[in-house]
Amino acid sequence: MPNQRARPTLRRRRLGEQLESRREAAGLSSEAAAKLMGWDKFKLSKIENARQHISAKDVEALLGHYGITDAAFVSAMADLARDAGKRGWWTGFAQAGDSYQDLLSVDADAETMRFYSPTLVPGLLQRGAYARQVINASAITRTDEDKEGLSRLRLARQSVLERSPNPLRLWAVIGEAALHHRFPDVDAMRDQLAYLLEASTRKGITIQVMPLHCGAHPGLAGMFNIISFPSPWPTVVNLENLRGGTFVEGTADVAIFEEAFGQIVANALSPDQSRNTIKTILKEMHS
């Protein structure tokens with residue numbers, strides 16, 4: 001059977017990058033490494049560039065040729081090979097494009113997410129009516145049917161906060177301006193603020209508000225999401241815009257965002273002060 005052309009998902013890219021890195025550390029050219037496996041060099045190149053599937057068994061054999069003896073690492077790579085092309089629950093949503101599918105697979109794999117969101121409540125904390133308002137405004141090239149599907153998909157994502165046995169840990173710093181939006185459906189924002197108050201009391205969820213009077217800080221450059229995984233996977237950053245999301249995947253580049261998030265947290269209100277701010281804004285909406 002001919003090899004199936006593989007879509008370069010984030011999981012495949014991560015696996016390919018690790019295999020390339022370990023080959024280079026072993027001092028082997030792609031041609032020499034491929035010969036050890038009885039392959040031509042083009043097959044290995046496609047695997048490293050996330051354009052071709054590799055079986056878990058071949059991953060184990062390849063790493064053996066590279067002299068990798070860390071059983072935990074080999075097992076993690078083999079597991080990733082098994083999961084790289086796995087179809088997730090979200091494939092039933094035709095509205096989920098490639099970049100969004102990558103984000104959803106990240107949700108499934110991640111241990112923690114750290115958001116800075118100056119103008120919006122992060123998607124993992126959005127309520128139904130709020131999510132619909134945001135999607136209706138931002139998905140400007142989509143049909144009404146697509147927008148409804150995206151709204152359902154966004155809410156379905158939130159199951160990672162309840163997954164067993166290891167729910168996703170979430171730390172969100174939200175700009176105070178995001179909490180003052182007024183939608184035509186006035187109840188949408190009230191419901192959203194009430195939900196943030198409830199969510200902020202849950203174990204594993206931290207919510208802080210960046211006050212309007214905070215002064216200058218690195219978050220003025222825009223929103224971002226730092227995503228951390230179990231060892232041995234490196235942390236990545238997701239940047240979202242009207243065209244979808246892009247990932248930052250270099251250690252030095254990711255470190256810039258981690259440093260920025262530390263400074264943002266230091267400038268934001270404490271979790272208790274943040275709850276009081278949300279309560280005040282919610283009270284003003286009811287007055």
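Which handedness, left or right, does the crossing of α1 and α5 have? The crossing is left-handed. The model behind this report is predicted.

**Overall make-up**

The protein holds 11 helices and 6 strands. Of its 287 residues, 45% are buried. Take the contacts in the protein with a separation of 6 or more: residues 24 or more positions apart account for 72% of them.

**Helices α1 and α5**

Helix α1 covers residues 10–25, and helix α5 covers residues 71–83. Their axes come within 9 Å. They cross at roughly 140 degrees. That angle makes α1 oblique to α5. The cut-off matters here, because only angles over 145 degrees count as roughly antiparallel. On the α1 side, the contact is made by Arg 11, Arg 14, Leu 15, Gln 18 and Arg 22. On the α5 side, Phe 73, Met 77, Leu 80, Ala 81 and Asp 83 take part. Sorted by class, the contact of α1 with α5 has 5 nonpolar, 1 polar and 4 charged residues.

**Helix α7**

Helix α7 spans residues 128–138. Its buried residues are Gly 128, Ala 129, Tyr 130, Ala 131, Val 134 and Ile 135. What do they pack against? The buried residues of α7 pack against α8 (144–157) and α9.

| Residue | Relative accessible area | Class |
|---|---|---|
| His 217 | 8% | buried |
| Thr 112 | 15% | buried |
| Gln 263 | 36% | partly exposed |
| Pro 184 | 79% | exposed |

The classes follow from two cut-offs. His 217 is buried because its 8% is under 20%. Pro 184 is exposed because its 79% is over 50%. Gln 263, at 36%, falls in between, so it counts as partly exposed.

**His 217**

Where does His 217 sit? His 217 is in the loop between β3 (205–210) and β4 (224–228). A polar atom of the His 217 side chain lies 3.0 Å from the backbone nitrogen of Gly 219. Leaving out residues up to four places away in sequence, His 217 touches Tyr 116, Met 210, Ile 264 and Asn 267.

**Gln 263**

Gln 263 belongs to helix α10, residues 251–267. Its side chain makes a polar contact with the side chain of Glu 259, at 3.1 Å. Gly 219 comes up again here. The C-alpha atoms of Gln 263 and Gly 219 are separated by 8.6 Å. Along the chain, these two residues are 44 residues apart.

**Thr 112**

Thr 112 is in strand β1, residues 112–117. Which residues does Thr 112 touch, not counting those up to four places away in sequence? They are Leu 168, Arg 169, Ile 226, Ile 227 and Ser 228.

**Pro 184**

Pro 184 lies in the loop between β2 (169–175) and α9 (186–199). In sequence, Pro 184 and Gln 133 are 51 residues apart. In space, their separation is 8.9 Å, C-alpha to C-alpha.

**Recap**

The α1 and α5 crossing is left-handed, and α1 is oblique to α5. His 217 is buried at 8%, as is Thr 112 at 15%. Pro 184 is exposed at 79%.

Terms used. Residues numbered from 1 in each chain as written. Predicted model: local features only at pLDDT ≥ 70, side-chain atom pairs only at ≥ 80, totals over all residues. Heavy atoms only, no water. Helix = DSSP H or I, 4+ residues; strand = E, 2+ residues; numbered from the N terminus. Buried < 20%, exposed > 50% of the residue type's maximum accessible area, 1.4 Å probe, protein only. Polar contact = N/O pair within 3.5 Å; in protein donor to acceptor, adjacent residues only side chain to side chain. Contact = heavy atoms within 4.5 Å. Axes fitted to C-alpha atoms, helices over the stretch in contact; angles between N-to-C directions. Parallel < 35°, antiparallel > 145°, perpendicular 65-115°, else oblique. Left-handed = near helix turned anticlockwise from the far one by under 90°. Nonpolar A, V, L, I, M, F, W, Y, C, P; charged D, E, K, R; others polar.
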